[in-house]
Amino acid sequence: MKRFSPELATEWGMRCLNLLKSVCGAESDYYQAFKEESSGFQSFDNYGYVVRGLSILKAASEDYEKGYFLDNRILIQAEVFEDFLEQADHLLKNGYYGPAAVLQVVSWKMG
């Protein structure tokens, strides 16, 4: 029967969880699926858990390399940036020059 050292599998799993959480977020399907599989890394019958965990990590890596994660972040930043500019324009038209300037400065720092 194939198996991995529970200690090494757990150590590898924690590093992978930290990476997935940093790159994909704690709510991502990749993080959640890997977290579920990692619960079996500590057992002596852990081969299947580790192999499935590796498959999840490979899928996340491929999606990252294709730019899927980056595209979402850029879209969110663009929406927030646009909202700030729209708010600043509205405030400016209504004579609120100070708040409009603050929002424009914030949007410039984001861009």
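Predicted model: local features only at pLDDT ≥ 70, side-chain atom pairs only at ≥ 80, totals over all residues.
Biologist: Which residues does helix 3 cover, and how far does helix 3 reach?
Modeller: Helix 3 covers residues 47–65, which is 19 residues. From its first C-alpha to its last, helix 3 reaches 27 Å. That is close to the 27 Å expected at 1.5 Å a residue.

Biologist: Which residues of helix 3 are buried?
Modeller: They are Val50, Gly53, Ile56, Leu57, Ala60 and Asp63.

Biologist: Where is Glu37, and why is Glu37 called buried?
Modeller: Glu37 is in helix 2, residues 29–38. Its relative accessibility is 13%. Buried means under 20%, so Glu37 counts as buried.

Biologist: What is Glu37 in contact with, leaving aside its neighbours within four places in sequence?
Modeller: Glu37 is in contact with Tyr49, Arg52, Gly53 and Ile56. Gly53 and Ile56 are also among the buried residues of helix 3.

Biologist: Why is the pairing of Glu37 and Arg52 called a salt bridge?
Modeller: Their side chains meet at 2.9 Å, N to O. The cut-off is 4 Å, between a side-chain nitrogen of Lys or Arg and a carboxyl oxygen of Asp or Glu. The value is within the cut-off, so the pair counts as a salt bridge.

Biologist: What parts of the chain does this pair link?
Modeller: The pair links distant parts: Glu37 in helix 2 and Arg52 in helix 3, 15 residues apart.

Biologist: Is Arg52 buried, partly exposed or exposed, and how do you know?
Modeller: Arg52 has 41% relative accessibility. Exposed means over 50% and buried means under 20%. The value lies in between, so Arg52 counts as partly exposed.

Biologist: How many salt bridges does the structure hold?
Modeller: The structure holds two. Glu11 and Arg15 also meet in a salt bridge, at 2.8 Å, N to O.

Biologist: Where do Glu11 and Arg15 lie?
Modeller: Both lie in helix 1, residues 6–24. They are four residues apart, about one turn of the helix.

Biologist: Why is Ala33 called partly exposed?
Modeller: Ala33 has a relative accessible area of 29%. That lies between the cut-offs of 20% and 50%, so Ala33 is partly exposed. Ala33 is found in helix 2.

Biologist: How far is Ala33 from Ile56?
Modeller: Their C-alpha atoms are separated by 7.3 Å. Along the chain, Ala33 and Ile56 are 23 residues apart.

Biologist: What is the pattern of the whole chain?
Modeller: The pattern is α-α-α-α-α. There are five helices and zero strands. Buried residues make up 24% of the 111 residues.

Terms used:
Residues numbered from 1 in each chain as written. Heavy atoms only, no water. Helix = DSSP H or I, 4+ residues; strand = E, 2+ residues; numbered from the N terminus. Buried < 20%, exposed > 50% of the residue type's maximum accessible area, 1.4 Å probe, protein only. Contact = heavy atoms within 4.5 Å. Expected span 1.5 Å × (residues − 1).
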